[in-house]
Amino acid sequence: MGGCVSTSSQSNCSSRSNGETASSACLGIGFCGQKRTNRTFSEHLVTMHNLPSIPNRVFMNGKSRTSCIFTQQGRKGVNQDAMVVWEDFMSEDVTFCGVFDGHGPNGHQVARKVRDALPIKLLSFFLSSQSRQNDSGKACFKGNIKKPVTGDTEKDGSPEDKLNLLWKEAFLKSYKSMDKELKSLPNLDCFCSGSTAITIVKQGSNLFMGYIGDSRAIMGSKDNNDSMVAIQLTVDLKPDLPREAERIKQCKGRVFALQDEPEVSRVWLPFDDAPGLAMARAFGDFCLKEYGVISIPEFSHRTLTDRDQFIVLASDGVWDVLSNEEVVEIVSLASTRASAARILVDAAAREWKLKYPTSKMDDCAVVCLYLDGKMDSESDYEEQGISAATLQSNHSGNAIESDDGQKSEPSLQRNFTVRSSDESDTYGKPTVEEGGSGETVATEDQNWLGLEGVTRVNSLVQLPRFSDERPNP
């Protein structure tokens, strides 16, 4: 897939053999010494077929012990957003959360495939790496372990550093494996379809994050005055980020905005004004993988404190109309925790109507994870008109999801994210390409205007037209 690599994340992503064990004797900081049955990678694949019946995994509108999730279809077609919360991911104190925003003709299927398969891959790669480390005589990780006063400890790094490296390796390998699987699927065309991914693992007081695309995670935390503040945890990986644009141009892709939406930079083929992808990294979208669009995730780690209250993951349908501060305020003031995700989506829907009355509202998907591990009592959310039976049935995961993206949840249905030929004709001509200065932007630079860019239109403009006249790249 070309010679493109991330300027900030590199990994030797060799695949594990199906027969290799992925056992774990110690499962991270604060959880050690409990042996569990060895699982092979193939056994994890069998487990994936039984995902709807796995306890403590929620992927439909509802709540879990520590979170609430909600999605609503926009006004563009099939709902292409997907989400999941998986508590007890590998031990009682580990939770996986993810939001996935599909685009293109088969975007809804790509998003749901990633939602189901990526967590299994992440867990398998983590346990495999941990097993290798344990077999090589590495010490078990404990949260309050004291460093021996030896030179070897400094050389090898602290237990926390080792855990961080294990998760980084697992995120990089699982994302690569996920994209490889999508390319090989015979019944799912991902050539011009794809999905974003914002995924987090909360393990005790550690938060590990891997993400691609323009979905976003933020955190609500209290400052020294006990006032709620918004902390952006991820960067929207859009083509207008200088480091992303530079990589794409080095791989012969083009980056520019259209005249009637100058605020939305897009990725284009070198020989055609298509597809106009509004993000720099994504699963799928194989028509652009040779031209700088990658699926290598950004990875980061954060140590949580008592001041940190909750984390919000959401697709760009929310961030296009609400600021980080507005989202934190809405969630913190929600009448009940179980209803916070729904209230946030409702607020985004109102803002779409007020700010962009002539635009079609995008799909919205929200995950709210409360860091103190507490949720409301049953009576609290029944007062809000939310059926406890419905929430519990969603909590069990026994829901039906059809191939066309129709769900039993109360959502409308969305977006092929490809304009029709009539719409494309009136869409305007490209403006001048952005300059490739090669300037780099640190991941921590989250206040730059480019991170808050509004994308009120489709993620793709049109499908590419390949013919015998295609020039050599």
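**Contacts along the chain.** I started with contacts, meaning heavy atoms within 4.5 Å. Among contacts between residues at least 6 apart in sequence, 75% join residues at least 24 apart. I have to remember that this is a predicted model, where local features need pLDDT of at least 70, side-chain atom pairs count only at pLDDT 80 or more, and totals for chains, interfaces and linings use all residues. Residues are numbered from 1 along each chain as its sequence is written, and side-chain values use heavy atoms, with hydrogens and water left out.

**Inventory.** I found 11 helices and 17 strands in the chain. Helices (H or I, at least four residues) and strands (E, at least two) are DSSP runs, numbered from the N terminus. Next I looked up burial: buried means under 20% relative accessible area, exposed over 50%, and partly exposed in between, with a 1.4 Å probe and protein chains only. Buried residues make up 58% of the 473 residues in the chain.

**The six-stranded sheet.** I traced an open sheet in the order E2-E3-E17-E16-E9-E10, with antiparallel pairing. Strands E2 (62–63) and E10 (228–232) stand at the edges with a single partner strand each, so one side of each has no neighbour in the sheet. Two strands pair if DSSP finds at least two bridges between them. E2 and E3 (residues 67–72) pair over two bridges in the antiparallel sense. I looked up one partner there: Lys 63 bridges to Cys 68 in E3.

**Helices on that sheet.** I then checked what lies on it. H7 lies across E9 (216–222), E10, E16 (308–314) and E17 (364–370), and runs at about 130° to E10. H8 also packs on the sheet, touching E3, E16 and E17, and its direction makes about 30° with that of E3. For these angles, axes are lines fitted to C-alpha atoms, for helices over the stretch in contact, and angles run from 0 to 180 degrees between N-to-C directions.

**H7 against H8.** At what angle do H7 and H8 pack? H7 (residues 324–332) and H8 (residues 340–355) pack at about 135°, with their axes 9 Å apart. That makes H7 oblique to H8. The cut-offs: angles under 35 degrees are roughly parallel, over 145 roughly antiparallel, 65 to 115 roughly perpendicular, and the rest oblique. I listed the contact too: Val 327, Ile 330 and Val 331 in H7 meet Ala 340, Ile 343, Leu 344 and Ala 347 in H8. These contact residues divide into seven nonpolar, no polar and no charged. Here Ala, Val, Leu, Ile, Met, Phe, Trp, Tyr, Cys and Pro count as nonpolar, Asp, Glu, Lys and Arg as charged, and the others, Gly among them, as polar.

**H2 against H4.** H2 (residues 107–135) and H4 (residues 159–184) pack at about 140°, with axes 7 Å apart. H2 is therefore oblique to H4. Their contact has 15 nonpolar, five polar and seven charged residues.

**Lys 121.** I picked this residue out of H2. Is Lys 121 buried or exposed? Lys 121 counts as buried, at 6% relative accessibility. Leaving aside neighbours within four places in sequence, I see Lys 121 in contact with Ser 174, Ser 177, Met 178 and Glu 181.

**Strand E7.** How many residues of E7 (residues 197–203) are buried? Seven of the seven are, so E7 is largely enclosed by the rest of the structure. Both faces are covered, with Ala 197, Thr 199, Val 201 and Gln 203 buried on one side and Ile 198, Ile 200 and Lys 202 on the other. Six bridges join E7 to E5 (residues 94–103), and the two run antiparallel. One of the partners I looked up is Val 201 in E7, which bridges to Phe 96. E7 is also joined to E8 (residues 206–212), by seven antiparallel bridges. Thr 199 has Gly 210 in E8 as its bridge partner. In the hairpin of E7 and E8, with two residues between the strands, Gly 204 takes a positive phi near 60°.

**Thr 305.** My last stop was the loop between E15 (298–303) and E16, where Thr 305 lies. Thr 305 is partly exposed, at 44% relative accessible area. Thr 305 and Asn 206 are 99 residues apart in sequence and 9.3 Å apart in space, C-alpha to C-alpha.
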